[in-house]
Amino acid sequence: MSDTHAQTVAYVRDTMLPEQAPPTTAAGPVRWMRDNLFSSVLNTVLTLLSVYFLWVVLSLVLPWVWYGSWTASSLKECREVVADLGLAHGAACWSVIAERYLQLIYGFYPAELYWRANVTFVLMLVALAPVLYPNLPRKMLWFSVLYPFLAFWLLWGGTLWTPIVAVAGFVLAYVAFEVLYRVAGSLVGVIAAILVPVIWWLLLAAPVANGLASVIPLAIEPVESAKFGGFMLSIIIGVTGIALSLPIGILLALGRQSDLMIVKAICVGFIEFIRGVPLITLLFVASTLLNYFLPPGTTFDIILRVIIMVTLFASAYMAEVVRGGLAALPTGQYEAADALGLDYWKATRLITMPQALKISIPGIVSTFIGLFKDTTLVSIIGLLDPIGLTANIRADANWNGIVWELYGFIALMFFIFCFGMSRYSMYLERKLKTGH
């Protein structure tokens, strides 16, 4: 039937008109700018003022960045090169980054052993992959569990038996919990799962590792903690704190809501105490005061002490984030778990905790980002993170007086890591969004 005949009946059409693109003013960037930037006189004025402000700032910053020197061997030579360019606002001296970037990344780690740090970083990405992307094979999680011990051995070196006996402590904790949980109940099982590995690590692990090393020597060149520094140190502290604070925070959140009076009191006391003390105070305790409470002659690695304090600090805040997610769940979810006949641990693992973590994703990632940025505080107690290395670099007569270039490079690196975490959290929120 022709289109002409279709128009003979005013209220009936038996043919479809071809689709047409919307007008440029009704869709696309033009529509977006009209709705968001020029929707009113006030918004138009503010948009124009913002564009002018950005133009002024970028006209000063971009030439300073773009025309910077990369080949000078000192700050004085940099200034001479910049002076020849005749720029009104000068230019950056990126030569300090070109000369000291390895130090900013690895600290004073031996150059011939950089490969160990590089391998550790690559393996870290492999270990994180199955955790961040559930579509990967679940068997890879076994490597994720064992990775921290392998990373410790690669970075610090020494005998391979040290991380092996450390893993044995967790195996003993699992065995103690399984045995006593069935015999004496959950509370006794949890207490045993905590005490058994602690006793193993404090009293038995070192003699057992030394005995095995004397029989079967498996070792690589050791590196002392004083040589660690730069972004490598920040990543070690940050990633370790992030990986440990989440499970500890979940346990603290569950303990705070527990009906067991002793467990609840311990968790509440720990959370409130840690949240009421600045992180820098805990770092000073880790660096100085902790030695007074240890037996004479005991050596407790400074980086390990800092990692413990940073992890405890982040765990307290993580516990409150997770507790907020648990509190946001409807009561019907708990009632549904009871109706299905699930015990406490199965209901928590299968029903309540996945939903609570989904709700808490923004808060969890914010805590992770804050923790990673707080690793710069270790420079106050003498550890040479990137901020601590800036003072060391500026102490060199060739670079005495340089500031903006170092801090700008460090800020850019931290931005890359933190921005990546925030983008991943948004991806995870979109993936887990199921609607209502």
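Student: Where does Ala-253 lie?
Tutor: This is a predicted model, in which local features need pLDDT of at least 70, side-chain atom pairs count only at pLDDT 80 or more, and totals for chains, interfaces and linings use all residues. Residues are numbered from 1 along each chain as its sequence is written, and side-chain values use heavy atoms, with hydrogens and water left out. Helices are DSSP runs (H or I, at least four residues), numbered from the N terminus. Ala-253 lies in helix H10.

Student: Is Ala-253 buried or exposed?
Tutor: Buried means under 20% relative accessible area, exposed over 50%, partly exposed in between (1.4 Å probe, protein chains only). Ala-253 has 0% relative accessibility, so Ala-253 counts as buried.

Student: Leaving aside neighbours within four places in sequence, what is Ala-253 in contact with?
Tutor: Contact means heavy atoms within 4.5 Å. With neighbours within four places in sequence set aside, the partners are Ala-319, Val-322 and Arg-323.

Student: Which cysteines form a disulfide?
Tutor: A disulfide is a pair of cysteine sulfur atoms within 2.5 Å. A search of the whole structure finds one. Its sulfur atoms are 2.0 Å apart, and they belong to Cys-78 and Cys-93.

Student: Where do Cys-78 and Cys-93 sit in the chain?
Tutor: The pair links distant parts of the chain, 15 residues apart. Cys-78 is in helix H4 (residues 75-85), and Cys-93 is in the loop between H4 and H5.

Student: What is the hand of the disulfide of Cys-78 and Cys-93?
Tutor: The torsion about the S-S bond is about 70°. The disulfide of Cys-78 and Cys-93 is therefore right-handed.

Student: How are H5 and H17 oriented, and why?
Tutor: Axes are lines fitted to C-alpha atoms, for helices over the stretch in contact, and angles run from 0 to 180 degrees between N-to-C directions. The axes of H5 (residues 95-106) and H17 (residues 386-394) come within 11 Å and cross at roughly 130°. Under 35 degrees counts as roughly parallel, over 145 as roughly antiparallel, 65 to 115 as roughly perpendicular and the rest as oblique. H5 is therefore oblique to H17.

Student: Which residues of H17 meet H5?
Tutor: The H5 side supplies Val-96, Arg-100, Gln-103 and Leu-104. They meet Pro-386, Leu-389, Asn-392 and Ile-393 in H17.

Student: What covers the buried residues of H5?
Tutor: The buried residues of H5 include Val-96, Arg-100 and Leu-104. Their cover includes H4, helix H6 (114-132), helix H10 (230-256), H17 and helix H18 (404-432).

Technical notes. Helices (H or I, at least four residues) and strands (E, at least two) are DSSP runs, numbered from the N terminus.
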